[in-house]
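Take a moment with the sequence and the model before reading on. The report below goes through the fold part by part.

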Amino acid sequence: MAALRIIDVDVEPLSIPLREPFVIATGRIDATRAVLVRVRLQDELTQRRGTGLGEAAALPPVTSCDQPDLLRTLTAASTALLGASFTGLRGLRDLIDGVAGDAGLHLVARAGLESALLFAWAQLLGVPMHRLLGSQPNDDPVRAFQVETDITIPIAAPAHMAQLVCRWRALGFRIFKVKVGRNDDDGGCEGDVDAIDAIASDAPGVRLRLDGNAGQSEAQARALFLRALEQGLTVELLEQPTPDAAPLAALSTSLPIPVIADESAGTYNDVVALAAAGVSGVNLKLVKHGGPLEAARIGRFARRRHLALMAGAMVETRVGLAAMLHVVRALSPGRQRPSRTPAADRAPSPIAIDLDTAFLLADDPFVGGYHAHGPWLTLLADGPA
Ligand SMILES: [Mg+2]
């Protein structure tokens, strides 16, 4: 295997305005707070070259870093990486880890850098990036890989949230990830209840995913779930209602739907501990895990432990979302050979896709990576450009 040399590294701020402020239980942003990484690789043997983009997406306070930290540390890392070479996946990880330590790279920055390198390598090889993440070799190269994403409804006045559900539903979206966890002054959750009621009234019977961003108590999460059921809505999953593992596990065992850890599922070891505690699912995100390779590794562990999987993002553009779609593809079964085993026994449950944030942006300066038609995302072989 020939060495690959980094012949160009470029970092720049990526601040794309949102259509409307993104408000969750813990914070608010009006534009993306990311850094775009662009790398060029050259195969030392064949002289073939490949270019790749990666997105280091901060979302303070969900991420502990912000855009200026990312820009500073990635600029330092790019100086160190220019001219460096690596061989194989292990070599790539070791190179990034070495530079990450020296430059003080946050996992968010690491994710952007690793994504760019993997996309560049895949382009140089002429294969889709998910091949480098270990996608199954027996899949059908002709069949398109397509998934359905939910669409996020941020915290707002209940009537406005219901209006947003209707607006997105008219565009074909069928699954709504509703941000909850606003706490009333008296410790109640009337604001969340009002939002659920308004959605049920304006858009009867829709499918919801409730994301508390660790802003709810166990009792509030349970009460809101029951309220949604009473109102005739389908709740597919709860995402990180509470901060701690014990209530997440209690909800996991007592509710008939997955309870997905997000904020508390940062590292591989976090996910191992959450699985041991009895939490039923995990949300994979590139910037939490430090890149596609670690996200795929955590996803494989989750699959082995029969955890429910969700694939999410910070507020990311097409660049970050495309990289995550390759992780989803790598974790999804390829073409199944005829077998006497019932398909339901062989196929893992589908991954809950929450890769919608490009729809929330007022501008999309990139092309490719995937094709979007309503909520349907079709992965393209080439990375975004
Ligand atoms: Mg979340």
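## Helix α4

The buried residues of α4 pack against β8 (151-153), β9 (175-179) and α5 (190-202). Some terms first. Helices (H or I, at least four residues) and strands (E, at least two) are DSSP runs, numbered from the N terminus. A residue is buried if 20 or more other C-beta atoms lie within 10 Å of its own, exposed if 12 or fewer, and partly exposed in between; these C-beta atoms are placed from the backbone. This is a predicted model: local features need pLDDT of at least 70, side-chain atom pairs count only at pLDDT 80 or more, and totals for chains, interfaces and linings use all residues. Residues are numbered from 1 along each chain as its sequence is written.

Which residues of α4 are buried? They are P158, M161, A162, L164, V165 and W168. They cover an arc of only 155 degrees around the axis, so they sit on the same side of α4. The arc is that of the directions from the helix axis to the C-beta atoms. On the other side of α4, C166, R167 and A170 are exposed. Helix α4 has 13 residues (158-170), and at 1.5 Å a residue it should span 18 Å. The expected span is 1.5 Å times one less than the number of residues. The end C-alpha atoms of α4 are 19 Å apart, which agrees. Just after α4, G172 takes a positive phi of about 105 degrees.

## Helix α8

Helix α8 covers residues 268-277, and its buried residues are V271, L274 and A275. Their arc around the axis is only 100 degrees, so they lie on the same side of α8. N269 and A276, on the other side of α8, are exposed.

What covers the buried residues of α8? The cover includes α7 (245-254), β12 (259-261), β13 (281-284) and α10 (292-304). Just after α8 comes G278, with a positive phi of about 100 degrees.

## Two domains

The chain is divided into domain 1 (4-127) and domain 2 (146-379). These bounds come from an automatic or database domain assignment. The C-alpha centres of the two domains lie 25 Å apart. Where they meet, 30 residues of domain 1 are in contact with 29 residues of domain 2. Two residues are in contact if their C-beta atoms, placed from the backbone, lie within 7 Å.

Which elements give two or more residues to the side of domain 1 that touches domain 2? They are β2 (17-24), β5, α2 (88-103) and α3. Helix α3 gives the most to this side, with 7 residues.

## The open sheet

4 strands form an open sheet in the order β5-β4-β1-β6, with antiparallel pairing. Two strands pair if DSSP finds at least two bridges between them. The edge strands, β5 (49-58) and β6 (85-86), each pair on one side only. Strands β1 (residues 4-14) and β4 (residues 33-43) are antiparallel and share 10 bridges. Across this pair, V11 has V37 in β4 as its bridge partner.

G52 lies in strand β5. G52 has 26 C-beta neighbours inside 10 Å, so it counts as buried. Leaving aside neighbours within four places in sequence, the contacts of G52 include V39, A116, F119 and G383. G52 and D382 are 330 residues apart in sequence, yet their C-alpha atoms are 9.7 Å apart in space.

Strand β14 (residues 308-311) is covered on both faces. A308 and M310 are buried on one side, and L309 and A311 are buried on the other. In a regular strand the side chains alternate between the two faces of the sheet. β14 pairs with β13 in the parallel sense over 4 bridges. β14 also runs parallel to β15 (residues 352-353), joined by 2 bridges. A311 stands opposite L284, and A311 has I353 in β15 as a bridge partner.

Of the 120 residues in the largest nonpolar core, V37, A56, V282, L309, A311, M324 and V327 touch the most other members. The largest share of this core, 12 residues, comes from helix α3 (residues 107-125). The core draws at least three residues from each of domain 1 and domain 2. A nonpolar core is a set of buried Ala, Val, Leu, Ile, Met, Phe, Trp, Tyr and Cys residues joined through C-beta atoms within 7 Å. Beyond its neighbours within four places in sequence, M324 is in contact with L286, A311, A313 and L355.
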